[in-house]
Amino acid sequence: MTDLPLSGTYHQEDGREMTDLIETSRDGAVQIVRMTRPDKKNALTLAMYGGLADALTAAESDDAVAVHLLAGAGGDFTSGNDLNDFLTLTGLVGTDLERFLLTLASLAKPVVAAVRGAAVGIGSTMLLHCDLVAAADDSRFQFPFVNLGLVPEAASSLLLPRLAGYHRAAELMLLGEPFGAAKAQEIGLVNSVVPAGEAEAAGLALAQRLAARPRQALRKTKALLKQGDESVSERITREARLFEEALSSPELREAVAAFRERRPADFSGGR
Ligand code: COA
């Protein structure tokens, strides 16, 4: 059976914030949230979901953080839910697993994932909620639910067909077979594929590029991209309202001033 930590409480260790097997650290305005159970390929326990949700929630309300970066320790992203936990788990609603998924899906700040090795089950479905994904060429993705006698989670039955088209989603969900980084890029699940061992650097670089951009504009753009259930005319009007608001933003002032003064824009003081 598993060696599960039982609480989701923060404590300090070596100057870093830790919560069970979830470790957080900061690189500039990028908050790195790392699944840290490498001997089990970062398989996720309920306590770890609680730690992930807590870490993301804390970073979301921290003005020093512009972007979240999800990563795994060792050679893997995550091999998904701890299979041993499935033997004792009787419900999902109201658990830390559901809380993590709802938290991830509702983050206003951009989320980047750096994937290498196994990205199985929730390791694949959580990517559908990330904004940008960098993957190593040794990554192995899988939506294995049907083979376990389970059904899709994390709104993946809605989001995967939207992303990949029905037939490709059906192939991946109904057969539940593993697939590599090239296929993940072809279906749009990942943005870039890099040599093995370079995924975290590539993910961090993407996150830093996002962190240098105007924060309010980023969040509003993300919110628009994520909401897909509007008609084109409704969307034109909603975008126009947000555009109007943005016309009086300090971010636009800085962008135009930088253009006129022929210098790079500096959005670092923004929230
Ligand atoms: N839950 C619990 N333990 C897991 C796990 C999981 N999801 N994934 C891996 N582990 C454990 C293994 O039991 C093994 O533990 P041990 O060393 O104590 O025996 C260790 O992690 C290494 O895994 P192993 O299977 O030996 O590595 P591998 O490289 O041969 O295979 C995977 C990697 C990811 C393909 C394989 O571990 C796997 O299929 N895991 C299950 C994935 C899954 O179905 N997840 C649930 C999705 S809903």
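Trainee: Which polar backbone atom has a nitrogen atom of the ligand 2.9 Å away?

Mentor: Start with the rule: a polar contact is a pair of N or O atoms within 3.5 Å; within protein, one must be able to donate a hydrogen and the other to accept it, and residues adjacent in sequence count only if both atoms are side-chain atoms. Here the backbone atom belongs to Leu-83. The protein covers 58% of the 870 Å² of accessible area that the ligand has on its own (Shrake-Rupley method, 1.4 Å probe; for residues, only the protein chains shown count as cover). Keep in mind that this is a predicted model: local features need pLDDT of at least 70, side-chain atom pairs count only at pLDDT 80 or more, and totals for chains, interfaces and linings use all residues. Residues are numbered from 1 along each chain as its sequence is written, and side-chain values use heavy atoms, with hydrogens and water left out.

Trainee: What do the side chains of Lys-40 and Ser-79 do at the ligand?

Mentor: Lys-40 has a side-chain N or O atom 2.5 Å from an oxygen atom of the ligand.

Trainee: How many residues surround the ligand?

Mentor: A residue is near a molecule or strand if one of its heavy atoms lies within 4 Å of it. That gives 16, and Lys-41 and Asn-81 are among the closest.

Trainee: And how do I read empty space?

Mentor: Rolling a probe the size of a water molecule over the atoms shows where empty space is left. On a 1 Å grid over the protein atoms alone, a cavity is a set of points where a 1.4 Å probe fits but cannot get out, and a pocket is an open set with protein on both sides within 12 Å along at least five of seven lines; lining residues have an atom within 4 Å of a point. The largest pocket here is about 690 Å³ (the space filled by probe spheres set on the points, which are joined across faces, edges and corners). It has 24 lining residues, and Leu-128 and Cys-130 are among the closest to its centre.

Trainee: Where does the largest pocket lie?

Mentor: Domain 1 (18-211) and domain 2 (215-260) both contribute to its lining, so it lies between them; the bounds come from an automatic or database domain assignment.

Trainee: What about the largest cavity?

Mentor: Its volume is about 30 Å³. Its lining includes Phe-77 and Arg-116.
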